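Here are my notes on this one, as numbered points. Have it open while you read, and check the places I mention as you go.

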Amino acid sequence: MTEVPAVSTSPPEPAAVAPSAVIHDLGYRPYEGPRLGAGAVSWAFFVTGLRHCFGLGRSGRSKVLPMILLALMLLPALILVGVLVQAKDLLGLDEQIVAYSTYPMTTQLLISVFVAAQAPALISRDLRFRTITLYLARPLRRTTYVLVRVASLTAATFVLIGAPLLLMYLGGLLAELPAGRETGRFLGAAVGALLLAACLAGLSALTAALTVRRGLAVAAVIVVLLVSYTVVATIQGIAWDSGHDTVGEVAGLFSPYTLVNGVQVFLFDAPEATPTPPTGTAMGLLYLGTVAVLVLGSMAAMLGRYRTVTS
Amino acid sequence: MHVIETAGLTKRYPRVTALDALDLAVGDGITGLVGANGAGKSTLIKVLLGLVPATHGTARVLGHDVATDGAAVRSLVGYMPEHDCLPPDVSASDLVVHMGQMSGLPYAAARERAADVLRHVGLAEERYRPIGGYSTGMKQRAKLAQALVHDPRLVLLDEPTNGLDPAARDDMLALVRRIGTDFGIAVLVSSHLLGELERVSDHVVVLDGGRLLRSSATTDFLHATGSLLVEVQGPAGSDRRLGQALVDAGLPARPAEGHLVEVPVAGDDAARDAVRDRIRDTVVDLGLGLVRLQERHHRIEDVFRDGGAGRVDQSA
């Protein structure tokens, strides 16, 4: 680079005397563009939370677990679709090998691990590292913060549960199963997936909000989900064996998986995945009411928990 | 219009009164907020942000009442907390972009502003690495960047030099100075280190036990006290020999901190010049080297000494 002794009309700036590579300091530029309202801010917050649930926009290590779980969720669906498409006539199949409503029940371990790992990553993290202060010091309302955080977790869980169902549905159409019937069943299962995602996200978010330490939160969520299902399944098995179906039906209320499966049986007449699905309208409504109480109750508890968080 | 105005602002917790009927008016420029630990600095900042409701009294920030119009205040104000607040698994770049969006900037604008602001605070390539691996100095810069990303009209910096080594502290103070002067953003910066605020602020507010001890321009704190400080070079004990010689010569000399001799002076300029001459001659007569002979100025810490206020770290 050659120095050209130029006659400068402007006063010499500090940047101009730098020897070779010059970084031009433009100085501070104020922002005069638009400022968006609460809706747009909430949406941006929601999308970032959803991405963070799958490790996107976070460190490389954070992507490993959710991506492996998503792959493991899709793998059985992929195999089922392959068998259905290739061997439909050979095996005389005229419907899905595994019903949509049964799939989340079968893969529940993966789903439980996902919410157990990602709820603390999303919820406990802000409390533990006190990042929540940065949010509370911005226009976003406290209530909005809580609702959007849980919405992000619900959406991520819904994606995890819904993706293999979508794959199976598309495979079913490819295998020329009756389109109308499949669409109806799939949509019913999608509603079920959404309810299950809401229940799991609400429960795990609340657990994560109460246990700030990450490891503890992960363990607590897994224990709550796995133990409750094991106990419920055991009671239902015994009840069915001994002919006390009502006991089994009531027991089904106490695990999110059996609960939502029961709702699907009641609302959409989906194939049951438990020995004692709810029978009769009263029991069906009880299942539905329990889902509502679970989701709304965990939201209310979350809002209560965050009322006292100041920094 | 004042940037910050409070009237009778009081915040009581069950055990302590953090703010006690505080009347305050803070204007543009850089205002230092000084006080011992527990003097109410952080509580004041949280009340101004609307994060903590006041027990009594009112506070207005940029013309908005913090109790009723908190969201408007928070959209115009940037806040750098005292404590750690950065998630370890995202990069500073991503965090600052996200925080810009949280203040209502569209994504593209938030990206542009984040790049600008991170450059101003001096985070270069490391801005793309997860924050978990940052040094304290880098974390403080990232915290400052997120407070500036939405181009606030006022920033509240709570102990921005906490935990920094001397070099990083100088950088941070220079940055605070630039925010107030070059960026044109009003700054309220708290510290328990008086020397720091002397250097950067135009105005100083002194809190003690939740009460306003003093609020005035920094220059008022630093006016001349009317004494002269003398430093001499020579064998050990030279300062005492000089002091004795000055007393013998009829000057009210007394030892000051760090081998200095302080000579109170009264009277007009001619009298002061005469005293200076006599000190010079005395030093020469003793065969010592005169290193300095200067007016003694007040320091902000004198306010605490005079005001009888409690422990303040006077280092830095």
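1. Start with α6(A) and α11(A), which are oblique to each other, because angles under 35 degrees count as roughly parallel, over 145 as roughly antiparallel, 65 to 115 as roughly perpendicular and the rest as oblique. The axes of helix α6 (residues 142–174) and helix α11 (residues 281–307), both in chain A, cross at roughly 135° and come within 10 Å. Axes here are lines fitted to C-alpha atoms, for helices over the stretch in contact, with angles running from 0 to 180 degrees between N-to-C directions. Helices (H or I, at least four residues) and strands (E, at least two) are DSSP runs, numbered from the N terminus.

2. A word on what you're looking at: this is a predicted model, in which local features need pLDDT of at least 70 and side-chain atom pairs count only at pLDDT 80 or more, while totals for chains, interfaces and linings use all residues. Residues are numbered from 1 along each chain as its sequence is written, and chains are lettered from A and ligands numbered from 1 in the order in which they are written.

3. Back to that helix pair. α6(A) and α11(A) cross in the right-handed sense (right-handed if the near helix is turned clockwise from the far one by less than a right angle, left-handed if anticlockwise). On the α6(A) side you'll find A:Arg142, A:Thr143, A:Val146 and A:Val150, and they meet A:Met299, A:Met302, A:Leu303 and A:Tyr306 of α11(A). Contact means C-beta atoms, placed from the backbone, within 7 Å. By class, the α6(A)–α11(A) contact has 6 nonpolar, 1 polar and 1 charged residues (Ala, Val, Leu, Ile, Met, Phe, Trp, Tyr, Cys and Pro count as nonpolar, Asp, Glu, Lys and Arg as charged, and the others, Gly among them, as polar).

4. Now for another pair in chain A: helix α7 (residues 179–210) and helix α10 (residues 256–268) have axes that come within 10 Å and cross at roughly 150°. That makes α7(A) roughly antiparallel to α10(A). The crossing of α7(A) and α10(A) is right-handed. From α7(A), the contact uses A:Gly188, A:Gly192, A:Leu195, A:Leu196, A:Cys199, A:Leu200 and A:Leu203, and from α10(A) it uses A:Pro256, A:Leu259, A:Val260, A:Val263, A:Gln264 and A:Phe268. Sorted by class, the contact of α7(A) with α10(A) has 10 nonpolar, 3 polar and no charged residues.

5. One more residue in chain A: A:Val250, in helix α9 (residues 245–251). A:Val250 has 18 C-beta neighbours inside 10 Å, so it counts as partly exposed (20 or more other C-beta atoms within 10 Å is buried, 12 or fewer is exposed, in between is partly exposed, with C-beta atoms placed from the backbone). A:Val250 and A:Val232 are 18 residues apart along the chain, and their C-alpha atoms are separated by 9.4 Å.

6. Where do the chains meet? The contact takes 36 residues from chain B and 31 residues from chain A. On the chain B side, the elements giving two or more residues are α1 (41–49), α2 (70–76), α3 (92–102) and α4 (107–121). The largest share of that side, 5 residues, comes from α3(B). Its residues divide into 18 nonpolar, 9 polar and 9 charged.

7. Chain B overall: 11 helices and 14 strands, with C-alpha atoms filling a box of roughly 75 × 45 × 35 Å along the principal axes. Of its 316 residues, 46% count as buried. The domain assignment, which is automatic or from a database, gives domain 1 (4–221) and domain 2 (225–297) of chain B. The C-alpha centres of these two domains lie 43 Å apart.

8. Check two backbone spots in chain B. Most residues other than glycine have a negative phi. B:Asp151 has a positive phi of about 50° although it is not a glycine, and it is in the loop between α5 (136–148) and β7 (154–158) of chain B. B:Asp151 counts as buried, because it has 23 C-beta neighbours inside 10 Å. Phi of B:Glu159 is also positive, near 50°, and B:Glu159 is in the loop between β7 and α6 (166–181) of chain B. With 22 C-beta neighbours inside 10 Å, B:Glu159 counts as buried.

How values were computed
Contact = placed C-beta atoms within 7 Å.
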